[in-house]
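Welcome, and thanks for taking a look at this one. Below is a short tour, from the annotated sites out to the overall fold.

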Amino acid sequence: MKIQIINGPNLNLLGKREPGIYGSESFESFLEALRQRFVDVQIDFYQSNVEGELIDKMQEVGFEYDGIVLNAGAYTHTSIALQDCIRSVTCPVIEVHISNVYQRESFRHHSMISCACIGVIAGFGLESYQLAIEYLTTRVSRPHRA
C-alpha cells in the first residue's frame, strides 16, 4: 500500500510555528513515528508553500497511490484549483487539519476542498494524520466519492 501525505503552506514550520496551536513536534519526527507504526505501508511525504506544486504532486500520485492525506493549510479556504484536482484523481483524498478549525477565526470555518474529499479529520493534533492513514489502511473497498 502506498499513501502520500501532502502538506501545504507554512506547515514546514511545524515545531516552531505557533506551538500553542500546532504543538512543538516537527513533522519530520512525527513522520518517522508514523512509518514505524505502519511498517507495511509506504508513506511518502511532500510539502510545498506553492499551490501549483501541490496540484502537480497530487496529479503525479493520484492515479497510482492508494490514498492521499492532504493538509492544504490556508489553501483549504481559498483554492478551487485544489478542489478540481482532488475531483480529477482516482485515489481517495482525506483532508486533515492539526487544529480544530472551528475553534479558530471564522474564515477558517469554510473549506473549498472538503466537498471533493472522502472525509475530513481536524483537531487531533498530528494524530489527525494517523487517523487518516488508519482509515485508508483498514477501509473495505468502497466508492471514493458520492
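Let's begin with the neighbours of one residue in this predicted model. His-97 touches Asn-71, Thr-76, Val-120, Ile-121, Ala-122, Gly-123, Phe-124, Gly-125 and Ser-128, leaving aside residues up to four places away in sequence. UniProt, in an unreviewed entry, places the feature "active site" at His-97 and at Tyr-22.

**Annotated positions**

- His-97 is part of strand β4, which covers residues 93–97.
- With a relative accessible area of 7%, His-97 is buried, because buried means under 20%.
- The unreviewed UniProt entry also lists a "binding site", made up of Asn-71, His-77, Asp-84, Ile-98, Ser-99 and Arg-108.
- His-77 sits in the loop between β3 and α4.
- His-77 has a relative accessible area of 16%, so this residue counts as buried under the 20% cut-off.

**Helix α3 and what covers it**

- Helix α3 spans residues 51–61, and its buried residues are Leu-54, Ile-55, Lys-57, Met-58 and Val-61.
- Viewed down the axis of α3, these buried residues fall within an arc of 160 degrees, so they line one face of the helix.

**Helix α4 and Ile-86**

- Ile-86 belongs to helix α4, which runs over residues 80–88.
- The relative accessibility of Ile-86 is 0%, so Ile-86 counts as buried.
- Ile-86 and Gly-62 are 24 residues apart along the chain, and their C-alpha atoms are separated by 8.3 Å.

**The chain as a whole**

- The protein chain has 5 helices and 5 strands.
- Read from the N terminus, the order of elements is β-α-α-β-α-β-α-β-β-α.
- The chain holds 146 residues, and 47% of them are buried.
- Of the contacts between residues at least 6 apart in sequence, 79% join residues at least 24 apart.
- The accessible surface of the chain is about 7200 Å², and carbon and sulfur atoms account for 50% of that surface.

Notes
Residues numbered from 1 in each chain as written. Predicted model: local features only at pLDDT ≥ 70, side-chain atom pairs only at ≥ 80, totals over all residues. Heavy atoms only, no water. UniProt positions renumbered as here; feature names shortened; annotations may be inferred. Helix = DSSP H or I, 4+ residues; strand = E, 2+ residues; numbered from the N terminus. Buried < 20%, exposed > 50% of the residue type's maximum accessible area, 1.4 Å probe, protein only. Contact = heavy atoms within 4.5 Å. Areas by Shrake-Rupley, 256 points an atom, 1.4 Å probe, with all protein chains shown as cover. Arc of directions from axis to C-beta.
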